[in-house]
Amino acid sequence: MLPLLQLGALSPPAILVGLLAIAVVLLVGRLVMKVAWRLVIIAIIAVAVLWILGMLGFQVI
């Protein structure tokens with residue numbers, strides 16, 4: 001039990017800073033994923049349009 005009492009590094013300010021850091025990482029990750037989803041949707045539409053044009057006989061590439 002004595003080693004558990006010596007965890008002075010886990011004070012409330014340190015825990016708060018750690019939780020804030022996690023929140024920032026999650027927020028940035030959420031924004032990056034929003035952009036990534038938009039890029040994936042745009043890529044799907046572009047490939048589908050090129051594929052349909054290719055099937056219709058247009059030389060696009």
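Which residues form a nonpolar patch on the surface? The notes below take up the model, the helices and then the patch.

1. This is a predicted model, where local features need pLDDT of at least 70, side-chain atom pairs count only at pLDDT 80 or more, and totals for chains, interfaces and linings use all residues. Residues are numbered from 1 along each chain as its sequence is written, and side-chain values use heavy atoms, leaving out hydrogens and water.

2. The protein has two helices and zero strands. Both are DSSP runs numbered from the N terminus (helices: H or I, at least four residues; strands: E, at least two).

3. Helix α2 has 44 residues. It reaches 64 Å from first C-alpha to last, close to the 64 Å expected at 1.5 Å a residue. That expected span is 1.5 Å times one less than the number of residues. Just after α2, Gly 57 takes a positive phi of about 100°.

4. UniProt, in an unreviewed entry, places "transmembrane region" at residues 12-32 and 39-58. Such annotations may be inferred rather than shown by experiment. Residues 12-32 are 100% helix; residues 39-58 are 85% helix.

5. Met 33, Trp 37, Val 40, Ile 41, Ile 44, Ile 45 and Val 49 form the nonpolar patch. Patch members have over 30% relative accessible area and no salt bridge, with nonpolar side chains joined within 5 Å. Val 40 sits in α2 and is partly exposed at 40%.

6. Buried residues (under 20% relative accessible area) make up 0% of the 61 residues.

Note on methods
Patch = residues over 30% accessible without salt bridge, like charges linked within 9 Å, V, L, I, M, F, W, Y side chains within 5 Å. Areas by Shrake-Rupley, 256 points an atom, 1.4 Å probe, with all protein chains shown as cover. Salt bridge = Lys/Arg side-chain N within 4 Å of Asp/Glu carboxyl O. Buried < 20%, exposed > 50% of the residue type's maximum accessible area, 1.4 Å probe, protein only.
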